[in-house]
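Here's a quick walk through a model you can follow on screen. Keep the structure open as you read.

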Amino acid sequence: MDIDEIIEKYEKSVLVNIDKENVIKIIEFLKCQNCDFLEDIIENYLDLFTFDFNNFVFKFNKLNKKYNEKFLEEASFDMNKFEEFYN
């Protein structure tokens with residue numbers, strides 16, 4: 001999937017709220033968590049990157065605790081788990 005296809009999936013309000021520096025911080029955080037499906041997250045959950053970095057980390061840690069420190073492992077099998085960020 002190319003960038004135009006990704007952009008077409010999202011409302012303009014999501015796209016204008018993306019802060020490049022914040023996205024970079026979240027991507028680096030996920031890399032440090034050994035996330036090996038970043039492209040899938042960006043493609044399917046780009047709006048996660050509109051969360052403030054600190055709020056994203058807080059929600060991630062909360063979900064990671066819920067899933068016994070295996071949130072990314074669980075999410076790699078069922079990406080719908082990322083919907084829990086919005087609760």
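## Two helices crossing

Helix 3 and helix 5 cross in a right-handed way. Keep in mind that this is a predicted model. The residues that make the contact are N22, K25, I26, F29 and L30 on the helix 3 side, and F53, F56, V57, F60 and N61 on the helix 5 side. Sort those contact residues by type and you get 7 nonpolar, 2 polar and 1 charged.

## The overall picture

Zooming out, the protein has 6 helices and 0 strands. Going along the sequence, that reads as α-α-α-α-α-α. The protein has 87 residues, and 38% of them count as buried. Take the contacts between residues at least 6 apart in sequence: 65% of these join residues at least 24 apart.

Now look at the loop between helix 3 and helix 4 (38-44), where you'll find Q33. Is Q33 buried, exposed or partly exposed? With a relative accessible area of 32%, Q33 is partly exposed, because buried means under 20% and exposed means over 50%. Setting aside neighbours within four places in sequence, Q33 is in contact with F60 and L72. As for L72, Q33 and L72 are 39 residues apart in sequence, yet their C-alpha atoms are 8.1 Å apart in space.

N34 sits in the loop between helix 3 and helix 4 too. Its backbone deserves a look: N34 has a positive phi of about 65°, although N34 is not a glycine. For context, most residues other than glycine have a negative phi. N68 is another case, with a positive phi of about 50° and, again, no glycine. You'll find N68 in the loop between helix 5 and helix 6 (71-77).

What about cysteines? A disulfide is a covalent bond between the sulfur atoms of two cysteines, and this structure holds 0 of them. C32 is exposed, whereas C35 is buried.

## A lysine after helix 6

K81 lies in the segment after helix 6. Which residues does K81 contact, leaving aside its neighbours within four places in sequence? They are Y67, F71, E74 and A75. K81 has a relative accessible area of 16%, so K81 counts as buried.

## Exposure side by side

| Residue | Relative accessible area | Class |
|---|---|---|
| C32 | 61% | exposed |
| Q33 | 32% | partly exposed |
| N34 | 64% | exposed |
| C35 | 10% | buried |
| N68 | 61% | exposed |
| K81 | 16% | buried |

So both asparagines with a positive phi, N34 and N68, sit on the exposed side of the cut-off, N34 at 64% and N68 at 61%.

Key
Residues are numbered from 1 along each chain as its sequence is written. This is a predicted model: local features need pLDDT of at least 70, side-chain atom pairs count only at pLDDT 80 or more; totals for chains, interfaces and linings use all residues. Side-chain values use heavy atoms; hydrogens and water are left out. A crossing is left-handed if the near helix is turned anticlockwise from the far one by less than a right angle, and right-handed if clockwise. Helices (H or I, at least four residues) and strands (E, at least two) are DSSP runs, numbered from the N terminus. Contact means heavy atoms within 4.5 Å. Ala, Val, Leu, Ile, Met, Phe, Trp, Tyr, Cys and Pro count as nonpolar, Asp, Glu, Lys and Arg as charged, and the others, Gly among them, as polar. Buried means under 20% relative accessible area, exposed over 50%, partly exposed in between (1.4 Å probe, protein chains only). A disulfide is a pair of cysteine sulfur atoms within 2.5 Å.
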